[in-house]
Amino acid sequence: MTVADNQHSVLLENVYKLINKKVAPDRIEQVTNFSKILFKNIAHDDLDNRTEDNLYGATLSLWNQFVDYQGDAPFIRAFNPAISKHGWQSTHTIVEIIVTDMPFLVDSVRMALNKMGITAHLLLHCPIGLIRDEQHTFVSFENSNSKKKEVLRQTVFLIEVDRQTSKLALEQLKDELMSVVNDVSMAVQDWQPMRTRLRTI
């Protein structure tokens, strides 16, 4: 392991320690597992110049939206975290997306940002297998390839983009991403019925 690898490993371990210290005892294991899924494929370069406090803040922010996600529509939020309001901060605008897992999401989100002339400085995309109760509250993580009918497949995004300094710019970013995700959902849902109809014809 290189010195850089060790530094990055220590950084993430410190995030897990903060979770263990600050999260309610009955949620520690769930939030820790969520953070490990979120940061599983993060590039070492993306961990440079980051602090455990801000990585912890980003994790908890997304988790708090994910744990009670209703699943009836995509959740998308674009905001500029501030310590006074959110308990953490970033020099970039943060975009959180939670949606039913489907193909083409990553490329579609990237194309939407490129269309708006906005650079993504970090884009974490994590398909997750899970079980929720009747109120849609998170119960447990499951293998995303599980054949159990009760297993849901939902995807979370944590994205850092060029800082958007006005409320209007934040709303436009959210609306554009919502439009794109809805278009992808419509196309994916229509594909199999259309294929079946063509075969019938």
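Q: Where does alanine 82 lie?
A: Alanine 82 is in the loop that runs between β1 (75–79) and α5. Helices (H or I, at least four residues) and strands (E, at least two) are DSSP runs, numbered from the N terminus.

Q: Experimental or predicted model?
A: The model is predicted, with local features needing pLDDT of at least 70 and side-chain atom pairs counting only at pLDDT 80 or more, while totals for chains, interfaces and linings use all residues. Residues are numbered from 1 along each chain as its sequence is written, and side-chain values use heavy atoms, leaving out hydrogens and water.

Q: Back to alanine 82: how does it count by relative accessibility?
A: Alanine 82 counts as partly exposed because its relative accessibility is 28%. Buried is under 20% relative accessible area, exposed is over 50%, and partly exposed is in between (1.4 Å probe, protein chains only).

Q: What is alanine 82 in contact with, leaving aside neighbours within four places in sequence?
A: Gly87 and Trp88. Contact means heavy atoms within 4.5 Å.

Q: And serine 90, where is that found?
A: Serine 90 is in the loop between α5 (83–86) and β2 (93–100).

Q: Why does serine 90 count as buried?
A: Serine 90 counts as buried because its relative accessibility is 16%.

Q: Which residues does serine 90 touch, not counting those up to four places away in sequence?
A: Serine 90 touches Pro81, Glu160 and Arg163.

Q: Switching to the strands. In which sense do β3 and β5 pair, parallel or antiparallel?
A: Antiparallel, over ten bridges. Two strands pair if DSSP finds at least two bridges between them. As for extents, β3 covers 120–132 and β5 covers 152–161.

Q: Which residue in β5 is the bridge partner of cysteine 126?
A: Valine 156 is the partner of cysteine 126.

Q: How many bridges between β3 and β4?
A: Four, and the pairing of β3 with β4 (residues 138–142) is antiparallel.

Q: What stands opposite glycine 129 in β4?
A: Glutamate 142 does.

Q: How many residues sit between β3 and β4 in the hairpin?
A: The β3–β4 hairpin has five residues between its strands.

Q: Which residue in the turn has a positive phi?
A: Histidine 136 in that turn has a positive phi of about 75°.

Q: Where do side chains go in a regular strand, in general?
A: In a regular strand they alternate between the two faces of the sheet.
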